[in-house]
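Thanks for making the time this morning; I would like to take you through a few points that I have picked out.

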6 protein chains.
Amino acid sequence: VFIPLPGNSDRKEILEYYLAKVPTRDIDVSALAKQALGFSGADIANWVNEAAVEAARAGADVVQQVHFQLSRDRILLGPRNHGVTLSDSDKDVTAWHEAGHAIARIATGGTVDKVSILPRGMAMGVTISLPDDDTVFYTEKRLQSELVVLMAGRAAEELFVGEISAGAASDMARASELARAGVMSYGFSPMGPFVPKSDKLVAEAETYAANWVRDAYAQAKSTLVARTSEVTALRDRLLAEEEVTY
Amino acid sequence: VFIPLPGNSDRKEILEYYLAKVPTRDIDVSALAKQALGFSGADIANWVNEAAVEAARAGADVVQQVHFQLSRDRILLGPRNHGVTLSDSDKDVTAWHEAGHAIARIATGGTVDKVSILPRGMAMGVTISLPDDDTVFYTEKRLQSELVVLMAGRAAEELFVGEISAGAASDMARASELARAGVMSYGFSPMGPFVPKSDKLVAEAETYAANWVRDAYAQAKSTLVARTSEVTALRDRLLAEEEVTY
Amino acid sequence: VFIPLPGNSDRKEILEYYLAKVPTRDIDVSALAKQALGFSGADIANWVNEAAVEAARAGADVVQQVHFQLSRDRILLGPRNHGVTLSDSDKDVTAWHEAGHAIARIATGGTVDKVSILPRGMAMGVTISLPDDDTVFYTEKRLQSELVVLMAGRAAEELFVGEISAGAASDMARASELARAGVMSYGFSPMGPFVPKSDKLVAEAETYAANWVRDAYAQAKSTLVARTSEVTALRDRLLAEEEVTY
Amino acid sequence: VFIPLPGNSDRKEILEYYLAKVPTRDIDVSALAKQALGFSGADIANWVNEAAVEAARAGADVVQQVHFQLSRDRILLGPRNHGVTLSDSDKDVTAWHEAGHAIARIATGGTVDKVSILPRGMAMGVTISLPDDDTVFYTEKRLQSELVVLMAGRAAEELFVGEISAGAASDMARASELARAGVMSYGFSPMGPFVPKSDKLVAEAETYAANWVRDAYAQAKSTLVARTSEVTALRDRLLAEEEVTY
Amino acid sequence: VFIPLPGNSDRKEILEYYLAKVPTRDIDVSALAKQALGFSGADIANWVNEAAVEAARAGADVVQQVHFQLSRDRILLGPRNHGVTLSDSDKDVTAWHEAGHAIARIATGGTVDKVSILPRGMAMGVTISLPDDDTVFYTEKRLQSELVVLMAGRAAEELFVGEISAGAASDMARASELARAGVMSYGFSPMGPFVPKSDKLVAEAETYAANWVRDAYAQAKSTLVARTSEVTALRDRLLAEEEVTY
Amino acid sequence: VFIPLPGNSDRKEILEYYLAKVPTRDIDVSALAKQALGFSGADIANWVNEAAVEAARAGADVVQQVHFQLSRDRILLGPRNHGVTLSDSDKDVTAWHEAGHAIARIATGGTVDKVSILPRGMAMGVTISLPDDDTVFYTEKRLQSELVVLMAGRAAEELFVGEISAGAASDMARASELARAGVMSYGFSPMGPFVPKSDKLVAEAETYAANWVRDAYAQAKSTLVARTSEVTALRDRLLAEEEVTY
């Protein structure tokens, strides 16, 4: 059901492998390996490459720790989309939306790395949360938290903007797929550990999944109401600074 | 869910890029960028090209502001279909139909740029509304307004012609797709933020969408009844002038 | 939903374009354009060609008005199928069937151009009705009339022959498709202006369509009963003359 | 819905066309055209060819009327399957089955040309009925008669053999398709002249079709019971002579 | 619905055709044709070939009657699978299973030719029953008997082993297909002689088929209970001799 | 339904065939054949090859019994996935999960060969159970036991970890397929020996299969509760030693 990401020692080995190919000075591989938590092998290779590009841009003849810090965002967030400039009202909606995701992540016990309202690719904003530790197992509790976080962008729009935008559609699509998997592949619903195939049982399973998503939405709203000041503060900071790094 | 159009500064840059390729005099790029609100990058490139053609036709050796004004319609409306001549009764139906769209757009807080009963492509008439501002987000309110505007052509036929023509079919098809997206992709209905897949939930979602379209139709009719004099005035002007620019 | 046919002035232009390619004398283009009401551009090109062939057969060195009159039927009706000779009883059924179509067309306010019981292509007989004017819009009233006319062939068989033949199958198929479009694409039923996609709503729509066809059949029968003498007279004339031109 | 077969004069012309290509003497084309009732153009071409082969086998240097008589069966029935020899009990079942078809055809006002229990192709036996006249129209009455005739083979097995064989399966398949067409394409059922497409209406239509087939089976049985002596006589003659020509 | 096998005289002819190609002495073709009851043309050709191989192995210069006897099993049963050796418990299950098939065949009036618990191909054991005579017709009674025989292997496992193995799955699959054909293609159920296509009628038909299979299973069990001693004797003999020829 | 694996004597022959191709000393083929219970022919060929590789690595010039012991795991378990290092909490979940499978296998009368929490391929851990004897038949009892063993990993997570991880998804999928086969292909449910095809009967069958899986899960939990000390002991040993061989 999932492809495990490299563990800490694996990441260290992968980093060493790629670092051997570029001139470096004073690199703390252990620190980089820790920061690369949640990276795939390809992400790591890409990171070393971007750091080398960063060094070249800066006129440095060797890659140093600082170049890795500067290029980590590009690996995590994807390249900026400079062709899109948000209007003020869209910026406001995006700031509330991302602040909702971020505060809900924290409220459900997760960690937020970065929140941004600079458009990247097709996304108007983004909230990055790297995994807390090297645990690869997905549990029912973690799945339900994920649903709450996915719904929190939309919840923030309803609560603080006063209406919901179509921009919440991709969150809806991901939450719906995740909820369906939770019922039909992981057996977390009262239907138990059976993978249904017939129309009747699949429709029954989807009813559970739909209820989960609705419940997660309700929980996202009550969570954000309880943390209104935090959401507001982050939204204000995002409008002022565009990107917030934790 | 949507590809954002270039913002104002982006449009200015795109205009400058293409204008650098043709001889020009006294062009107000800022004004053009504002008029290009709602244009894609390709529309802008096309506009510069059409203005150059317009200048050449006029025997001018440089492209000027006026040539842009003259060619903007062709970008917005598509080329005229000279092979079709409407009968008087068809002209009348078309005038009521487009007047319905236009007045409903204004009544729901939108702006109309141009209304025409000159056949273009497969369309007997057309009503153009550029976006009010650079906002890219689609909200439930905006979606419901759009449904009312789409239904207003048909509503005008029922109210003022006395019967509905099959020419309203493409409005119906677009409204139905938009309503379905509102329920199933954007989660604006009581079903909430779940993307259904099973036959049962999809059929339930479609029932909401069908009710939205019927409600929008009822609202379009009451809106036009309340603005009968405006609709009648615009219809009269369309019959007299064939195209009305706001 | 429909490709508009050329209007009167368009037909005149098209005629002039093709007439310029053949030697002619004393052609009244305006009269021809009027007779070509309901012709597509290709039909007009074809008509000029057939008139030239007609002239050549007659040994004339220029195409004249008379050659157009003689070849107009071939454009309207398609070529005769000389391989099929109807038995007397089939001829009788066909005469009643076509008389039913023709009288119902007249009764619903339409115009009949020609009725024939000479087999053409796969059809045993044919009734031709050109459009009354250049109106391109299809309304609910026009659709319901069309259903009555399509059903009137079968109705005549039931009323005057005493039983229905399978020859009414193509009328049934066309009426069923038209009724379905009226409900699902044009929104003429109580379901209103929504284009259904889910099995449930499509089945509901089809029930309306089926009722329309049955109602049209009932109306066709009562119409023909009320005009029994007209139907009988036309049927007698068809048996005697095989083709009747109005 | 149907491709009309050549009429009598058409058949005469087709015969003359093909006869012109082979040496003949004293051929009565009018008589042949009458015997070819129900033949397609290809059947007629094939018949002339088979007659020529027959003449060659007989050492005749010209094709004569007699050669046409000798080869007509091959056109009607297809070639004998000499690889199959029926056991006595199978011969008995086949004789009752074909006698049932033949007597039911006569009882419903039709004409039988030939009945055979000599295996041809995949069929153990065959009953040939040419059309009574050149009528091409299929009516509800004719369709219901056809269903009775199709069911009569099976009915004869049940009545006179005491049990039904799987050999009746192809009759069942043809009768079911014909009944479905009668309801859904010809509109002969209480559903009226509508061609259904949705699952619900198609299932309703099939219920009518199934009842027609069951009714036809009941009628076939009562028909054969009333004509027991005729069926028995024909079955006896078939066992004795293997082929009976009317 | 079925491809008739060659009759007795046909088999004789086919045998003579192939025997002409190999050197033979004292062959009784009539006896061989009788033993080949139920063989297809290809089976017969294969038999002559295997007999020639048998003769060659035995160092004989001509093929004799005895070589046909020795090779008949290979034609009927397929080649031995020497790669599989059954454990004692599997041998026991197989012996009861095949004894069940064989005794049920005899109890329903059929004839058994050979029973074997030597693995061949994918089958652990096999029971061979050649047709009783040259009858090609499949009746309802014969179909119901076939279902009982197919179910008897499983029934024997339940009665004498105490539990059912998955090895009965191919019998289940064949019985289910046969029962479905009996209802839907042969019309042997109360649904009568109609071939259903719509989901509703097909599901109804399958319910009849499922009941037939269940009834056949019940009958197989009561049949074997009544003949316990015969089943036990055959099972004992199979364990001792591995193959029993009747 | 199943491809029988080679029996004991077959395995001996296959071993002798492959051993003849490599230099060996003091090999006990009978012992190896017994240890290869449950191996396919390809597995055996692979085993001889791996033993030769093992010998080469050890600098031995002949393959000996010990090399077979050392390489048997690789055949059974697949190659290690050294790229994945489990976190301590994942290791704990995996240890409980595999201990659950292993103790349930023993509790249902089976034998466990090896339990491991070293990642191999996509699996975080693995429990190997070779077949007890050469029996190839799958019975209802064996199928139900298999369901209990498949569910026991998930049951151990619920009981001893306190929540269920998505890692149980592949067990769910296999159990669901096995239960469906038990109902629809082997006829072990109250639906009896019928292979359903229509939506209605297939959905009914799936309801039985779902209940079986749920019952197996309940039984797995009560089994593990009754054997808590055994599960705990094995989990402790797995955390300490990573692999336990029985």
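Taken over all chains of this predicted model, the count of aromatic pairs comes to 30. One of them joins D:Tyr186 and D:Phe188, whose ring centres lie 5.6 Å apart with the planes at 50°, and so this pair is classed as tilted. Both partners, D:Tyr186 as well as D:Phe188, are buried.

In chain E, let me point you to E:Phe39 and E:Trp47, where the centres are 5.4 Å apart and the planes stand at 55°, so that this pair, too, is tilted. Are these two residues buried or exposed? E:Phe39 has a relative accessible area of 2%, and because buried means under 20%, E:Phe39 is buried; E:Trp47, at 0% relative accessibility, counts as buried as well. Over in chain A, A:Phe39 and A:Trp47 belong to one aromatic cluster together with A:Phe68.

Rings also take part in another kind of contact here, with a charge placed over the face. In chain E, the charged end of E:Arg154 sits over the ring of E:Tyr217, at 5.1 Å from the centre of that ring, and in chain F we find F:Arg154 over the face of F:Tyr217, 5.0 Å from the ring centre.

Finally, a word on how two of the chains are arranged. Chain C is superposed on chain B by a rotation of 60° with a shift of 0.1 Å along the axis, and the RMSD is 0.0 Å. The two copies are therefore related as by a six-fold rotation axis. Within chain C, the C-alpha nearest that axis belongs to C:Asp199, and its distance from the axis is 8.1 Å.

Terms used: Residues are numbered from 1 along each chain as its sequence is written. Chains are lettered from A and ligands numbered from 1 in the order in which they are written. This is a predicted model: local features need pLDDT of at least 70, side-chain atom pairs count only at pLDDT 80 or more; totals for chains, interfaces and linings use all residues. Side-chain values use heavy atoms; hydrogens and water are left out. Rings of Phe, Tyr and Trp (its six-membered ring) pair if their centres lie within 6.5 Å; planes under 30 degrees apart count as stacked, over 60 as edge-to-face and the rest as tilted. Buried means under 20% relative accessible area, exposed over 50%, partly exposed in between (1.4 Å probe, protein chains only). A charge sits over a ring if NZ of Lys or CZ of Arg is within 6 Å of the ring centre and within 35 degrees of the ring normal. Copies are superposed by least squares on the C-alpha atoms of residues with pLDDT of at least 70 in both.
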